[in-house]
Amino acid sequence: SPGAPTRKDDNVVEGAGASASRARVRGTAAGWGARSTWADCTLQHAACSSLRRRPRLGSLRTRSGSHAAAATPVFPSTHAGRRARPRGVSSVEATNGTYASADASRAASSGGAAKKAAFFDIDGTILKSNVVWPFVLQRLRELPLVLRLLWFPYYALKAIMYKALDRINRSLFNVVFYRDYAGRDAGVRATESMGSYVMEHYFRPRLRPAAAETVEELKAKGYLIVLVTGTLDFLAKPIQQMLGAHCLLATQLETRDGRFTGRIQGKPLANKEKEVQMRAMAEEHGIDLSASLGYGDSIGDLDMLECVGNPFAVRPDSQLAAVAQARGWPRLDWADPTSAEQLNLGRLVLQGAA
């Protein structure tokens, strides 16, 4: 099967029939950084049954973005700068910029044995997509014709700058680009509407068939499927649901008075931060990273690929391709879906997004 090596000594995770345990999950500064704050919520996730219950230590909230293990962890039931999670989702949220969710119906228990996981980047790996187009499509959907004609050329110039910045530093690009969301409605209805719209008109047609097949094969082999992405949480959640992935690590934005501020909560989920979050998750969930798999397409995914035992370069950019070749990593040339046609910019600008 593509991208799924066979190991005779693999630990097999029990299937979805395993009984789910209810564990209250609380983050620590050592695991998620000094700004780490997880929601005081019940996580119905059998794969997380080994998580320990930690005592409430206080209500001090740190502002530092550093990873100081000595910082006092806080476990509030609500947080002024955090949006409510999508309805019907059992989840934990970390305010260092990561939204982590778990679907109880698909989670599996290892019965105490170390678990193995498959970590997937989304944009450029699972999907032929990027983080800019969802914002563009939403704006074209909202603006009247006259404003679309003025806005699109202006934003096309910004997109050129974003592309150059992304090649230099993925984390910095995320910080700069997500400022464009400042002032937008952060309510559940608005974010769910945007997530559904972008899913149907942009993400779903760009799902690479080989990626979907690989996910299904790995789930059948007992791997926990984890999506690790710089995409915003409310946009990535429908992708998680489409693939039936067990967990999602995605970017969260700060909110104030029901609006996005344009600032990422904590550090951007890119480059080294992907590895940091994956290692913290592995420690909390009892995942054996040496037996786990990683799939990425760009040099920005290098750190996440280096921290697993079985990395795969999926249609890699030139920098990652060079690293993969030097280290003997398998290269996967997953074909783009036939439905992933070029967006008709003229129609989008003149008629607006459908």
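## A network of charges

Lys128, Arg208, Arg315 and Asp336 are joined to one another in a network of salt bridges. A salt bridge here is a side-chain nitrogen of Lys or Arg within 4 Å of a carboxyl oxygen of Asp or Glu. By this rule the count comes to 16 salt bridges.

Before we go on, keep in mind that this is a predicted model, in which local features need pLDDT of at least 70 and side-chain atom pairs count only at pLDDT 80 or more, while totals for chains, interfaces and linings use all residues. Residues are numbered from 1 along each chain as its sequence is written, and side-chain values use heavy atoms, with hydrogens and water left out.

Start with glutamate 142 and arginine 184, whose side chains meet in a salt bridge of 2.5 Å, N to O. Glutamate 142 lies in helix 2 (residues 132-142) and arginine 184 in the loop between helix 4 (170-177) and helix 5 (188-203), so this pair ties together parts that are 42 residues apart in sequence. Helices (H or I, at least four residues) and strands (E, at least two) are DSSP runs, numbered from the N terminus. Glutamate 142 is partly exposed at 36% relative accessibility, whereas arginine 184 is buried at 15%. Buried means under 20% relative accessible area, exposed means over 50%, and partly exposed is in between (1.4 Å probe, protein chains only).

Next, aspartate 180 forms a salt bridge with lysine 158, with 2.9 Å between the closest N and O atoms. Aspartate 180 sits in the loop between helix 4 and helix 5 and lysine 158 in helix 3 (residues 145-168), so the pair ties together parts that are 22 residues apart in sequence. Aspartate 180 is buried at 17% relative accessible area, and lysine 158 is buried at 19%. In another salt bridge, the side chains of arginine 204 and glutamate 200 meet at 2.9 Å, N to O. Arginine 204 is partly exposed at 39%, and glutamate 200 is partly exposed at 42%.

## Strands side by side

Which residues of strand 10 (residues 293-296) are buried on each side? Leu293 and Tyr295 are buried on one side, and Gly294 and Gly296 on the other. Strand 5 (residues 117-120) runs parallel to strand 10, and three bridges join them; two strands count as paired if DSSP finds at least two bridges between them. Here phenylalanine 120 stands opposite tyrosine 295.

Strand 10 also pairs with strand 11 (residues 310-314), in the parallel sense and over four bridges. In strand 11, asparagine 310 is the bridge partner of leucine 293, and proline 311 is that of glycine 294. Five of the five residues of strand 11 are buried, so this strand is largely enclosed by the rest of the structure. Asn310, Phe312 and Val314 point one way, while Pro311 and Ala313 point the other way. Strand 11 pairs in turn with strand 12, in the parallel sense over two bridges, and valine 314 stands opposite leucine 332 there.

## A covered helix and an exposed glycine

Helix 7 (residues 233-243) is mostly covered, with nine of its 11 residues buried. Among them are Phe234, Leu235, Ile239 and Leu243. Glycine 244 follows helix 7 and has a positive phi, near 70°.

Is glycine 328 buried or exposed? Glycine 328 is exposed, with a relative accessible area of 58%. You will find glycine 328 in the loop between helix 10 (318-327) and strand 12 (331-332). Glycine 328 and proline 311 are 17 residues apart in sequence and 9.8 Å apart in space, C-alpha to C-alpha.

## The largest pocket

Rolling a probe the size of a water molecule over the atoms shows where empty space is left. A pocket is an open set of points on a 1 Å grid over the protein atoms alone, where a 1.4 Å probe fits, with protein on both sides within 12 Å along at least five of seven lines; lining residues have an atom within 4 Å of a point.

The largest pocket is lined by 48 residues, and Ser129, Asn130, Val131, Lys163 and Asp166 lie nearest its centre. The elements that give two or more residues to this lining are helix 2, helix 3, helix 4, strand 6 (224-232) and helix 10. Helix 3 supplies the largest share, 11 residues.
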